[in-house]
Amino acid sequence: MTADVLRQFTRRPPPEGERCDLCGEPLPAEHRHLVDTSRRSLKCSCPPCHLLFTRPGAGQGRFRAVPDRYLTDPGFVLDEAGWNRLQIPVALAFFFRNSELGRLAAFYPSPAGATESELDPATWDAVLGRSRLAELLEPDVEALLLHRGRSGAVTCTLVPVDVCYELVGRMRLHWKGFDGGAEARADIAEFLERITAAARPLANTGSVESSGSTRTAGSVANAGNTENPGGAP
């Protein structure tokens, strides 16, 4: 997405009359998205169009349905040395596999939008790539969202990729001054609470206790369909 689109990426209801980017049907305030792998963009989709691209084999074409999985690994640990190796200057970052470019994409939200961080493949593999959540990560449509709390503890959650761009938009909308201000901090805290509540833990065997079929963390209202920065979906 361009910076202009990310600036408008919030959870407010879509404009009256907004329609599915594929078939033109009217969309509800909360709706699903597809990744357009050829344009590196998100498309708003109605339920039938989204369902069409969840069928086996559909993910090999131009459009891929963004799933609704929120997963966490209770055994995940990332110490300070590992966090520093990721070279992320803020407390939030997200990572996804970009199949079109054949590489990992690493971004962190900022008042200026989604900022890409150059991450050496060897570093990714050593720090995150061998984790259970990374092994489950679907290219293009899912991301690992990392958050480092004030205590230094790092949480890692597998989320739909459109949720990460919602976070970027929320930060751009509310951030004020040097530290963001109280409104921005409260909004980000509320966002992270929703993600935590929606996430289902991996069982000790590596299977998922429950991935859930409802986007309990809330669907993104309006993702836009303009190309993303840095080749992100």
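How many bridges join strand β4 to strand β9, and do they run antiparallel or parallel? The views below take this up along with a group of aromatic rings. This is a predicted model, in which local features need pLDDT of at least 70, side-chain atom pairs count only at pLDDT 80 or more, and totals for chains, interfaces and linings use all residues. Residues are numbered from 1 along each chain as its sequence is written, and side-chain values use heavy atoms, with hydrogens and water left out.

**View 1. Strands β4 and β9 meet.** Two bridges join β4 (residues 71-72) to β9 (residues 154-160), and the two strands run antiparallel. Look for Leu 71, which stands opposite Leu 158 in β9. Strands here are DSSP runs of E with at least two residues, helices are runs of H or I with at least four, and both are numbered from the N terminus. Two strands pair if DSSP finds at least two bridges between them.

**View 2. An open sheet of seven strands.** The order is β7-β6-β5-β8-β9-β4-β10, with mixed pairing. Because β7 (113-116) and β10 (200-201) stand at the edges with a single partner strand each, one side of each has no neighbour in the sheet.

**View 3. Phe 94 and Phe 107 form a stacked pair.** Their rings are 5.8 Å centre to centre, with 15 degrees between the planes. Rings of Phe, Tyr and Trp (its six-membered ring) pair if their centres lie within 6.5 Å; planes under 30 degrees apart are stacked, over 60 edge-to-face, and the rest tilted.
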